[in-house]
Amino acid sequence: MKHPRTVMSAVVGLGFGLAAALGTAPAIAASPAPAAPVGQVAQNGADYAAYAGSAENAAGNKAFFEAVAKSVAKKRAANPGLKAVTVVYSAANAPSFRSQISSSAQIWNSSVSNVRLQEGANADFTYYEGNDSRGSYASTDGHGNGYIFLDYAQNQQYNSTRVTAHETGHVLGLPDHYSGPCSELMSGGGPGTSCTNPYPNASEKSQVNYLWQFGFAATVLKNAS
């Protein structure tokens with residue numbers, strides 16, 4: 001599927017894979033997602049590889065992580081006694097993917113120790129579902145509002161739990177790395193449809209733990225200043 005090249009001053013987006021999505025979407029869609037990322041769409045594998053390693057992609061990933069961390073930091077400021085860093089999500093607007101979203105949260109919660117994902121009210125980010133020719137992606141407007149969009153067709157072509165766990169990885173601060181092997185969750189659709197691995201590798205786990213210890217601490221300090 002196609003990956004959006006985004007305009008950073010407007011909306012930043014981070015997508016799952018490379019191949020064009022195929023399949024039939026469910027007949028009923030949930031509430032529509034906010035406006036999708038804007039900008040030009042990459043057309044081939046070379047574009048995807050260039051985007052994955054670009055400053056634009058890095059900036060988009062950083063913006064998403066900081067948006068979610070800022071939301072969490074505000075809640076912790078109101079409840080300073082909290083010890084665990086908990087990121088709250090809403091799956092209400094993606095009912096067709098509730099099972100995959102729950103599995104994705106369980107995978108990440110069993111893989112890392114410095115942050116936990118939990119469904120609940122007053123969410124730090126939201127999942128949406130629907131049809132988009134660019135496939136699934138994580139997006140933020142850079143002002144504390146983040147969401148994950150799960151595309152029907154792509155989730156039929158690729159392992160749906162891998163797609164969901166990959167996009168959730170963006171929430172936790174991980175960038176795309178399409179040229180990576182199947183064992184690397186953030187390689188997304190790069191290894192092809194036969195790759196069904198929904199688990200982060202040791203390096204990805206370590207990076208998330210680092211980000212939610214030191215990166216989160218930096219975000220809290222930044223918001224306090």
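Asp124 has a relative accessible area of 3%, under the 20% that sets the limit for buried, so Asp124 counts as buried. The model is predicted. Asp124 is found in the loop between strand S3 (116–119) and S4.

- Leaving out residues up to four places away in sequence, Asp124 touches Val68, Ser71, Val72, Lys75, Thr86, Val87 and Val88.
- Asn122 is also placed in the loop between S3 and S4.
- Is Asn122 buried or exposed? Asn122 is exposed, because its relative accessible area is 59% and the cut-off for exposed is over 50%.
- Asn122 is not a glycine, although its phi is positive at about 55°.
- Most residues other than glycine have a negative phi.

**The chain as a whole**

- The chain holds six helices and six strands.
- Along the sequence, the pattern reads β-α-α-β-α-β-β-β-β-α-α-α.
- The chain has 225 residues, and 49% of them count as buried.
- The accessible surface of the chain is about 9700 Å². Carbon and sulfur atoms account for 54% of that surface.
- Taking contacts in the chain between residues at least 6 apart in sequence, 71% join residues at least 24 apart.

**The largest nonpolar core**

- The largest nonpolar core contains 36 residues. Val87, Trp108, Phe125 and Trp212 have the most contacts inside this core.
- At least two residues of this core come from each of helix H2 (55–78), strand S2 (86–93), helix H3 (98–111), strand S4 (125–130), strand S6 (146–151), helix H5 (160–171) and helix H6 (202–224).
- H2 gives the most to this core, with five residues.
- Which residues is Trp212 in contact with, leaving aside its neighbours within four places in sequence? They are Phe65, Val68, Ala69, Val85, Val87, Asn114, Val115, Val171 and Leu172.
- Val68 and Val87 are among the residues that Trp212 contacts, and Val68 and Val87 are also among those touched by Asp124.

- H3 has 14 residues, which should span 20 Å at 1.5 Å a residue. The end C-alpha atoms of H3 are 20 Å apart, so the span agrees.
- The buried residues of H3 are Gln100, Ile101, Ser104, Ala105, Ile107, Trp108, Asn109 and Ser111.
- An α-helix has 3.6 residues a turn, so residues three or four places apart point the same way.
- H5 has 12 residues, which should span 16 Å at 1.5 Å a residue. The end C-alpha atoms of H5 are 17 Å apart, which agrees.
- Because 12 of the 12 residues of H5 are buried, H5 is largely enclosed by the rest of the structure.
- The buried residues of H5 include Arg162, His166, Glu167 and His170.

**Aromatic pairs**

- The structure holds nine aromatic pairs.
- One of them is formed by Tyr128 and Tyr147, whose ring centres are 5.7 Å apart. Their planes stand at 85°, so this pair is edge-to-face.
- Tyr128 lies in strand S4 and Tyr147 in strand S6, so the pair ties together parts that are 19 residues apart in sequence.
- Tyr128 and Tyr147 are both buried.
- One aromatic cluster is formed by Tyr128, Tyr137, Tyr147 and Phe149.

**The disulfide**

- The structure holds one disulfide. The disulfide joins Cys182 to Cys195, with an S to S distance of 2.1 Å.
- The link of Cys182 and Cys195 is right-handed, with 90° about the S-S bond.
- Both Cys182 and Cys195 lie in the loop between H5 and H6, so the pair ties together parts that are 13 residues apart in sequence.
- How do the two cysteines stand in accessibility? Cys182 counts as partly exposed at 28% relative accessibility, whereas Cys195 counts as buried at 3%.

**Tyr158**

- Tyr158 is found in the loop between helix H4 (152–157) and H5.
- The relative accessible area of Tyr158 is 4%, so Tyr158 is buried.
- Tyr158 and Thr196 are 38 residues apart in sequence. Their C-alpha atoms are 7.4 Å apart in space.

Definitions and conventions
Residues are numbered from 1 along each chain as its sequence is written. This is a predicted model: local features need pLDDT of at least 70, side-chain atom pairs count only at pLDDT 80 or more; totals for chains, interfaces and linings use all residues. Side-chain values use heavy atoms; hydrogens and water are left out. A nonpolar core is a set of buried Ala, Val, Leu, Ile, Met, Phe, Trp, Tyr and Cys residues joined through side-chain atoms within 4.5 Å. Buried means under 20% relative accessible area, exposed over 50%, partly exposed in between (1.4 Å probe, protein chains only). Helices (H or I, at least four residues) and strands (E, at least two) are DSSP runs, numbered from the N terminus. Contact means heavy atoms within 4.5 Å. Rings of Phe, Tyr and Trp (its six-membered ring) pair if their centres lie within 6.5 Å; planes under 30 degrees apart count as stacked, over 60 as edge-to-face and the rest as tilted. The expected span of a helix is 1.5 Å times one less than its number of residues. Accessible areas come from the Shrake-Rupley method with a 1.4 Å probe; for residues, only the protein chains shown count as cover. A disulfide is a pair of cysteine sulfur atoms within 2.5 Å.
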